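Hello,

Here is the structure, for your files. My notes follow below it.

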Amino acid sequence: MIRHILVTGGAGFIGSNFVRYVVRQQPEVHVTVLDKLTYAGNRANLAGLPAERVTLVVGDICDAPLVQQLVQKVDAVVHYAAESHNDNSLQDPTPFIQTNIMGSYTLIEACRQYHVRYHHVSTGEVYGDLPLVGDAKFTPETRYNPSSPYSASKASSDLLVRAWVRSFGLRATISNCSNNYGPYQHIEKFIPRQITNILSGRRPKLYGTGQNIRDWIHTDDHSSAVWTILTRGRIGETYLIGADGQRTNQAVLEMILTLMGQPKDAYDQVQDRPGRDLRYAIDATKLREELGWQPQLTDFKVGLQQTIDWYRHHEEWWQADKAKVEARYARNKQ
């Protein structure tokens, strides 16, 4: 029975949405959030949650004494904390190696020591990419082929978990998810960057031709999948999370523009970054058939409109960072 969980990175985008999901859906569960509150973590992401249900601890997952202190008090650890922006990993890979590899090692060692259930949240990007043409999808058996320092560091942490399961009996599962969207996502990422560009009077930016394909899932569906795996998944198994949401970047941007009352071609094309993956596609058959999970927010247009409305009504959440984010992109000519 899970009564108390530790959520690393729980003040970030996907992590805070998971915390909110647990508070809504699991009234008997207490959540301790461990977050370093880097630029991607934000206390405001947890605003309004009841103090008797959620405790925020500001700290680093690489701090072994702190991690051990927290892990020994909980029934399970859900590990979201990560450096996750591909562009940033190309500028300086060091934080990605430190957080995504050494931080994950620190967590699995503590869970091994105290026999605590561990769930490792990873990404579909560890598999590299797929051809633009065709219907191939990533499966749990797909060979790892990471393309960036970010995805390589996540692949490394996945392999550490697998080794600790086999060598030390770590009670762990892994999930690899497709691209998330929804509220609280940092405005450096593709969808919120375009939304906030339009809201602040800037022209949106499209990398290259915009024909790269991403497989989108609403973050609430990701949260429900992680809880399903945590409570019903088989130890040692990897589950892929996706909602059959493949779309080109151009199609997503044009849908955003249309939903926001703009001409669908009111954007600028900019130079693509090196090594950008062509296409992602997730086969979630194992998760659906073995654990009975189903995504609920499968109408992308509806989910995107809800996301646009959230950023429109929470300008105070993102406005202070907007100029800084765009200045960084300008320096990198993106």
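Arg234, Glu237, Lys286 and Glu290 are linked in a network of salt bridges (a side-chain nitrogen of Lys or Arg within 4 Å of a carboxyl oxygen of Asp or Glu). This is a predicted model, where local features need pLDDT of at least 70, side-chain atom pairs count only at pLDDT 80 or more, and totals for chains, interfaces and linings use all residues. Residues are numbered from 1 along each chain as its sequence is written, and side-chain values use heavy atoms, leaving out hydrogens and water.

Lys286 sits in helix α9 (residues 285-291) and Glu237 in the loop between α7 (219-232) and β10, so the pair ties together parts 49 residues apart in sequence. Helices (H or I, at least four residues) and strands (E, at least two) are DSSP runs, numbered from the N terminus.

The structure holds 15 salt bridges. Another one joins Lys137 to Asp244, with the closest N and O atoms 3.0 Å apart. Lys137 is in the loop between β5 and α5, Asp244 in the loop between β10 (238-241) and β11 (246-248), so this pair ties together parts 107 residues apart in sequence.

**Helix packing**

What angle do the axes of α10 (residues 300-313) and α11 (residues 315-331) make? They cross at roughly 75° and come within 6 Å. Axes are lines fitted to C-alpha atoms, for helices over the stretch in contact, with angles from 0 to 180 degrees between N-to-C directions.

Regards
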